[in-house]
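Hello,

Here is the structure I promised to pass on to you. Have a look at it first, and then read on for a short tour of what turned up.

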Amino acid sequence: YDRWLRGHKGVSKVSIDAVGKTVKVNEIRPPKPGCDLKLSLDWELQKVAEKALGDMLAELRKTNQEISGGSVVVMEAKTGAVRALVSLPQYDPRPFARGITQKEYVRVLNAPGIPLLHRAIQTLASPGSTYKLVTSSAALQQGLCTPGTVFYCGGSYGGANCFVTSGHGSIGFEGSLAHSCDVVYYQLGVRLGVDRLAAHSRAMGLGKATQIDLPGESDGIYPDAQWKWKVVGDKWYEGDTVNISIGQGFMLVTPLQMAVVTAAVANGGKVMQPHLVQQVVSYQGRVEARPGFKPLRRLDLPAKHWSAVRQGMRGAVLYGTGGACNSPYVQVAGKTGTVENSPSSENRHGRNHTWFVSFAPYDNPEIVVVVSLEKSGGYGGSRCAPVARVIYDYLYGPSGGIR
């Protein structure tokens, strides 16, 4: 939007004599101020989201004795308008505006928690079980299951364990999402195969930037056999598909990409382009432009199948892994994610990364809320879902009200 914001310089053409005295004014053209941008951001909601995430990060710092980072995306499910966008830890932008010194820049560059990283659009992580929204909808699209299918989980599949090692026993499609049964998705992923899973994932917005109107967005990675051979130098194994089917392995996504995926489930298959600018307004108050973002694509899936996925997400909040987001003010549907993490130089203790993706109201989706935490430990249901609950309570509760 730089061309709108800059405006135009003024011009003064004058004739002067030998001592610098103006003797004639030839032309005066006053400067023209740039336009303003009317954003979709809700400042009060932004403050609520920042505080909710900040409180959780402060709690984690006490518990884990190290700094964790996180992000929140709040987006309109039907339009892609971003209502709040949070990345913590953050930094003071004022030195950049006035001209930052080398010393100041080095200080913020090396600050604990990497505050210069815009976690909502740049952080890349495995999505964990939030990816089951993609696996489940792909399996329905390909006719590998129906909303009425009953599966069996004995606790493992081909050497890969379910997170409930004793198994879930007989479990329906809704329950597989509500209780996040890994074995069901191992089976569906293998039956789909990496190519069909990759095609559906990319159609839902993974593996490339969302095209939000901000610079520096990451593309993420959606791997397939060709990618693995080129990057890793090895062929694709069935075990890779098993990992991918539950959101682990080589796949990397941004929180904003998962907001787009969740919005597509909520709105019935429209893959929205997230955006911040609603209008470009001149200094005289005239609307110069409305960007008018439209769906990037529509997914070919019957309404009853999207409804089945949404029902599973509602079950997760009512009786499954996402109960900490069960708001008294609005019916929330969600999906938890917990990414297993081994110790490394960046994550000394190997604490899990955690997720919660969600939308509300369940019967007429308006708002998508995605919460992501790095090195939080615990589970998405206990770490991220409570942050989303605060946001929903504000938006739909008596003290806030949806805007």
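Let me start with an open sheet of 3 strands, ordered S3-S11-S12 and paired in the antiparallel sense. Strand S3 (36-39) and strand S12 (287-289) are at its edges with a single partner strand each, so one side of each has no neighbour in the sheet. On average, neighbouring strands here are turned by 45° against each other, ignoring direction. Please keep in mind that this is a predicted model. The antiparallel pairing of S3 with strand S11 (residues 277-281) runs over 4 bridges, and Asp 36 has Val 281 in S11 as its bridge partner.

There is also a hairpin, made by S1 and S2 with 5 residues between them. Strand S1 (residues 11-16) and strand S2 (residues 22-29) are antiparallel and share 6 bridges; Ser 12, for example, stands opposite Ile 28 in S2. In the turn, Gly 20 has a positive phi of about 90°.

Now to the helices. How do H8 and H10 lie relative to each other? The axes of helix H8 (residues 182-203) and helix H10 (residues 238-245) come within 8 Å and cross at roughly 105°. Angles of 65 to 115 degrees count as roughly perpendicular, and H8 and H10 are therefore roughly perpendicular to each other. On the H8 side, the contact includes Tyr 185, Tyr 186, Val 190 and Leu 197, while H10 brings in residues including Glu 238, Val 242 and Ile 244. By type, the residues of this contact divide into 7 nonpolar, 4 polar and 1 charged.

The loop between H10 and helix H11 (255-267) holds Gln 248. Is Gln 248 buried or exposed? Its relative accessibility is 12%, so Gln 248 counts as buried, the cut-off being under 20%. Setting aside neighbours within four places in sequence, Gln 248 is in contact with Ser 126, Asn 243, Thr 338, Val 339 and Glu 340.

Last comes helix H14 (residues 385-396), whose 12 residues should span 16 Å at 1.5 Å a residue; the end C-alpha atoms are 16 Å apart, which agrees. H14 is mostly covered, with 9 of its 12 residues buried; among them are Val 387, Ile 391, Asp 393 and Leu 395. What do the buried residues of H14 pack against? Their partners are helix H2 (43-64), strand S4 (70-76), strand S15 (353-360), strand S16 (367-373) and helix H13 (380-383).

Definitions and conventions
Residues numbered from 1 in each chain as written. Predicted model: local features only at pLDDT ≥ 70, side-chain atom pairs only at ≥ 80, totals over all residues. Heavy atoms only, no water. Axes fitted to C-alpha atoms, helices over the stretch in contact; angles between N-to-C directions. Helix = DSSP H or I, 4+ residues; strand = E, 2+ residues; numbered from the N terminus. Parallel < 35°, antiparallel > 145°, perpendicular 65-115°, else oblique. Contact = heavy atoms within 4.5 Å. Nonpolar A, V, L, I, M, F, W, Y, C, P; charged D, E, K, R; others polar. Buried < 20%, exposed > 50% of the residue type's maximum accessible area, 1.4 Å probe, protein only. Pairing = 2+ DSSP bridges. Expected span 1.5 Å × (residues − 1).
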